[in-house]
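Reader: Before I use the terms for this model, I would like each one set against its cut-off.

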Amino acid sequence: MDSDKIILAVNEVYKDLDGQIAQIALKSGMKCPQLCNACCRKTDIEASPIEFISLAAWLYENGKVDDFMAHLDQNDETGYCVLFDSEAWKNGKWACLNYEKRGLICRLFGFGYRLNRDELPELVTCKVMKETLPEAVSKARLIGIETPDEIPLFRNYSMRLYSIYPELAVRQLPINKAIRLAIEKLYFHYSPRMKRESIE
Ligand code: SF4
C-alpha cells in the first residue's frame with residue numbers, strides 16, 4: 001500500500017472511532033472536565049507508529065517537520081509526549097498541541113473498552129472521570145454490556161490499524177519514538193527530490 005493510501009485509511013479509522021466515542025459521550029454523559037490533562041501527565045505512554053501517520057503527513061504538508069523534529073529532539077528525554085503542553089491550561093487552552101492529529105491511544109483512553117477474561121466489554125476510563133462523573137461512568141459501563149457492537153473496542157481499532165500496515169502497527173513503543181518513526185516513514189513520500197523523480 002502506498003503512503004497516500006495508508007494516510008487515508010488511518011484517517012478513515014479515526015473518523016469511525018471519533019463517531020463512536022461521540023455517541024458514547026452523548027448517551028452516557030461522560031466528558032473530560034475543562035482543560036483536564038491528567039492522562040497526558042505520564043512519562044510511560046506507549047503507541048505504535050501508525051497511530052501518528054496522520055500527524056506526520058500534516059507536518060510535511062504544512063512545512064513544519066524541521067521545527068517539530070527540533071522540538072522532539074529537545075524534549076524527548078523528558079519522557080512526556082512531545083505534543084503535551086503542560087502550561088497550556090494557564091492560557092485557557094487544552095494541553096495537546098495537535099489534538100486533531102492525536103494517536104489512537106489518546107482518542108480511546110477514557111472512553112474505550114477492552115474485553116475481560118469472559119470476553120465481556122469493560123470500560124477503560126480514568127480516575128478523574130470516575131470521581132467527577134460516577135453516574136455517567138456507570139451508564140457507559142451499562143452501554144458496553146447492552147450494546148457491545150456499538151462501542152469503541154481497543155482490540156478492534158488496533159486490529160484495523162494493523163491490517164492497514166502491519167509493520168508500523170505491530171510494536172508498542174514509547175510515544176515519542178512512535179511519532180519519530182511515523183515522521184521518518186513518510187520522509188521519502190514527501191521529499192521534493194523523490195517527488196520530482198517520480199514525475200520525470
Ligand atoms: S481522559 Fe480522563 S484524565 Fe484524560 S483528559 Fe479526560 S478526564 Fe482528564
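Author: The residues around the ligand are Cys 32, Pro 33, Cys 36, Asn 37, Ala 38, Cys 39, Phe 109, Gly 110, Cys 126, Val 128 and Met 129, where near means that the C-beta atom, placed from the backbone, lies within 6 Å of the molecule. This is a predicted model, in which local features need pLDDT of at least 70 and side-chain atom pairs count only at pLDDT 80 or more, while totals for chains, interfaces and linings use all residues. Residues are numbered from 1 along each chain as its sequence is written.

Reader: How do the residues of the shell around the ligand divide by class?

Author: The shell has 9 nonpolar, 2 polar and no charged residues, with Ala, Val, Leu, Ile, Met, Phe, Trp, Tyr, Cys and Pro counted as nonpolar, Asp, Glu, Lys and Arg as charged, and the others, Gly among them, as polar.

Reader: Why is H2 called oblique to H9?

Author: Helix H2 (residues 53-61) packs against helix H9 (residues 175-185) at an angle of about 55°, with the axes 8 Å apart. H2 is therefore oblique to H9, because angles under 35 degrees count as roughly parallel, over 145 as roughly antiparallel, 65 to 115 as roughly perpendicular and the rest as oblique.

Reader: Which residues of H2 and H9 meet?

Author: Ile 53, Leu 55, Ala 56 and Leu 59 in H2 meet Ile 179, Ala 182, Ile 183 and Lys 185 in H9, contact requiring C-beta atoms, placed from the backbone, within 7 Å. By class, this contact has 7 nonpolar, no polar and 1 charged residues.

Reader: What makes E2 and E3 a pair?

Author: Strand E2 (residues 112-115) and strand E3 (residues 121-124) run antiparallel and are joined by 4 bridges, so they pair, since DSSP must find at least two bridges.

Note on methods. Axes fitted to C-alpha atoms, helices over the stretch in contact; angles between N-to-C directions. Helix = DSSP H or I, 4+ residues; strand = E, 2+ residues; numbered from the N terminus. Contact = placed C-beta atoms within 7 Å.
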